[in-house]
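Here are my comments on the structure you sent. They are set out as numbered points, to be read alongside the coordinates.

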Amino acid sequence: DWNSENVIETQVARIREQVGSARVISALSGGVDSAVSTALVHKAVGDQLTAVFVDHGLLRKGEREQVEKDYVASTGVRLITVDASETFLGHLAGVTDPEQKRKIIGREFIRVFEKVQRELVAEAEASGGEPVKFLVQGTLYPDVVESGGGAGTANIKSHHNVGGLPEDLEFELVEPLRTLFKDEVRAVGRELGIPEAIVSRQPFPGPGLGIRIIGEVTRERLEILREADAIARSELTAAGLDGEIWQCPVVLLADVRSVGVQGDGRTYGHPIVLRPVSSEDAMTADWTRVPFEVLARISNRITNEVREVNRVVLDVTSKPPGTIEWE
Ligand code: XMP
């Protein structure tokens, strides 16, 4: 019967057989699937694998460090981080349309990743070493069944994720999670010693905070949202609600201002929206009845600690008609 040690053993053998002595590239996103598939491949072929982490500047607080420090420390994976935030923010300047944002972020991600890929291939050629032949993908069983479609809302929003990398004919895919469901992937990840914060991470969209700022994406706005999001996440976790909540997007209404009062001064700041949802598969969702005391604590902390925010509001819309993300 199923246990994660068996899965690891079987997959390690299978990967070794598939890859031989060739080199392998993997894209890490900070999420569970890419973290576990990459760690499995590393366990099988060690430093034949190079992992690439593209920082698009739209990550949440601490996510890059989590990958660069904790993940690397626990797995020993050789990692290249590309700081591409200048490029992404440059292309996003002046853009407010949600689909436009998604397309730009998806396109730039592929561009940056392909550039690193070409560099690694050239490096292997120049050194006369083994050729780079394989690309790791964190495809899960439900993705296979859905015949390659991402989450089921691709017709409503153009999804971008690390699984959506270009299907490069030069590379053969290594997909060690193809037979697994999400909870099995998590069990395998724990068995491999991947940090719990990554293994139990809730879904986070590929376009990141870029689609949680309603309006133009700028560095300043990202900084505001990052702080508010970190507060909401830590309070929800402290309240023991992570099991009940599927995910909780925190959204900055960057083009909206409202009047407030703080101390004896007038403020004119931005609202932050909390969108806690409960769901089975993200196809439908209900808003989570987070206890009032927890909401109060989040609201107090955000308005006290994030200067530009003077109002916190709660999204009480189910899906449908609302989607989980605002863009
Ligand atoms: P919506 O907003 O369509 O979101 O109700 C459904 C689920 O998908 C996630 N999501 C994405 N995930 N790339 C991803 O990998 C994307 O472009 C993307 N857009 C939305 C969302 O967070 C929710 O879990």
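1. Two strands are taken as paired if DSSP finds at least two bridges between them. The model is a predicted one. In it, strand 2 (residues 49–55) and strand 3 (residues 79–83) run parallel and are joined by five bridges. Within this pair, Val52 stands opposite Ile80 of strand 3.

2. The ligand has 16 residues around it, of which the nearest are Asn161, Pro205, Thr323, Ile324 and Glu325. Sorted by class, this shell holds seven polar, six nonpolar and three charged residues.

3. The UniProt record, an unreviewed entry, lists Ser29, Gly30, Gly31, Val32, Asp33, Ser34 and Ala35 under "binding site". Two of the listed residues are taken up in the next point.

4. Asp33 lies in helix 2 (residues 32–45), and Ser34 is in helix 2 as well. Are they buried or exposed? Asp33 counts as buried because 22 C-beta neighbours lie inside 10 Å, where the cut-off for a buried residue is 20 or more. Ser34 is also buried, since 24 other C-beta atoms are within 10 Å. Leaving out residues up to four places away in sequence, Asp33 touches Gly138, Leu140, Leu177 and Val185.

5. Trp287 belongs to strand 11 (residues 286–287). With 18 C-beta neighbours inside 10 Å, Trp287 is classed as partly exposed. Apart from neighbours within four places in sequence, Trp287 contacts Pro276, Val277, Asp315, Val316, Thr317 and Ser318. Trp246 is 41 residues from Trp287 in sequence, and their C-alpha atoms are 9.8 Å apart.

6. Which peptide bond is cis, with omega near -15°? That is the bond from Lys319 to Pro320. The bond joining Pro320 and Pro321 is cis too, with omega about 10°. Pro320 is in the segment after strand 12 (309–314), and Pro321 is likewise placed in the segment after strand 12.

7. Ala282 is not a glycine, yet its phi is positive, at about 70°. Ala282 sits in the loop between strand 10 (277–278) and strand 11. Ala282 counts as partly exposed, because 17 C-beta neighbours fall inside 10 Å.

Definitions and conventions
Residues numbered from 1 in each chain as written. Predicted model: local features only at pLDDT ≥ 70, side-chain atom pairs only at ≥ 80, totals over all residues. Helix = DSSP H or I, 4+ residues; strand = E, 2+ residues; numbered from the N terminus. Near = placed C-beta within 6 Å. Nonpolar A, V, L, I, M, F, W, Y, C, P; charged D, E, K, R; others polar. UniProt positions renumbered as here; feature names shortened; annotations may be inferred. Buried ≥ 20, exposed ≤ 12 C-beta atoms within 10 Å, placed from the backbone. Contact = placed C-beta atoms within 7 Å.
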